[in-house]
Amino acid sequence: MSGEEAVAPEHTAARVALWRALHLEADPPPHVVRDEIGLRLVDPDDGWRERPDMDPDSTRPMRAGVVARARFIEDLIIEQSAAGVGQYVLLGAGLDTLAQRRPELASAITIFEVDQPGPQEWKRRRLDELGLPAPAGLRLVPVDFETESWWERLLEAGFDPQRPAVVASTGVSMYLTHAANIATLQRISTLAPGSTLVMTYMLPIDRVDAPERMLREFAERGARSSGTPFISFYDPEEIRALALESGFRDARTVSGDDLTDRYFRDRPDGLRPAASEELLVAST
């Protein structure tokens, strides 16, 4: 990978990292996730807090959703690791910092971060510059998703499909075609019994309440203008059915209300995640 050209991560990956940092600055404790490393990786200009997409009030639901899904996956990995699962695959890893924030997890399981070669090399170099070398349990898996098979690259990196794993894909499905999402479900459903997939998906906009619809429309406009439009949306009943049809043993969805009850209950500031994005949790 040392020969790859380092290309800064996409704006969406940087935005997610900055929202995690903003959670610590703009939202009172208790904090759902404490992530200061993402901000250090991005190293934005001093005025980053004044950007429209960092407005502490208008971005509250999206910011809460980002930290809630990160915490949900982290809790799942801890639970599954205690049950003997020793592999974690993150598809489209972006600027995820779990391996750096929770080194004890990276020593207990093998973490496979799958992402585009350029941004991944950029992240590796930034970690080196910050004196945060990759933990022993971290495997960086560079994949050109347009020309290569992420599955083949994952196997080459040492992933064992005969052993259970947790696989996460967050903030990705809405950018993929329906066929690509089905192919991903079908591939992951073939993993060893006891494996779990956690995948975010976007609800159709007509299922989003009016107050949040403006935020959703803003997000979609931004995605289109950056050349990465949202193209795939699912109802909870539909995504569960697709997971079962793809070969999973069982499947459930986790709504924004579910995440609120789990991580934001009784908060005096009323912080809660956007309802527009939900989680699919499917098991083999």
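Colleague: How much space lies in the second largest cavity?

Modeller: The second largest cavity holds about 30 Å³ of space, where a cavity is a set of points on a 1 Å grid over the protein atoms alone at which a 1.4 Å probe fits but cannot get out, and a volume is the space filled by probe spheres set on points joined across faces, edges and corners. This is a predicted model, in which local features need pLDDT of at least 70, side-chain atom pairs count only at pLDDT 80 or more, and totals for chains, interfaces and linings use all residues. Residues are numbered from 1 along each chain as its sequence is written, and side-chain values use heavy atoms, without hydrogens and water.

Colleague: Which residues line the second largest cavity?

Modeller: Its lining (residues with an atom within 4 Å of a point) is made up of Val89, Trp150, Trp151, Leu154, Phe159, Val167, Ile188 and Leu191. Helix H7, residues 150-156, supplies the largest share, three residues; helices are DSSP runs (H or I) of at least four residues and strands (E) of at least two, numbered from the N terminus.

Colleague: And by class, how does that lining divide?

Modeller: Eight residues are nonpolar, with no polar and no charged ones, counting Ala, Val, Leu, Ile, Met, Phe, Trp, Tyr, Cys and Pro as nonpolar, Asp, Glu, Lys and Arg as charged, and the others, Gly among them, as polar.

Colleague: Switching over, what lines the largest cavity?

Modeller: That cavity, with a volume of about 40 Å³, is lined by Ala93, Gly94, Glu113, Asp115, Pro119, Gln120, Lys123 and Leu140. Strand E2 (110-115) and helix H6 (117-129) are the elements giving two or more residues to this lining, and H6 gives the most, with three.

Key. On a 1 Å grid over the protein atoms alone, a cavity is a set of points where a 1.4 Å probe fits but cannot get out, and a pocket is an open set with protein on both sides within 12 Å along at least five of seven lines; lining residues have an atom within 4 Å of a point.
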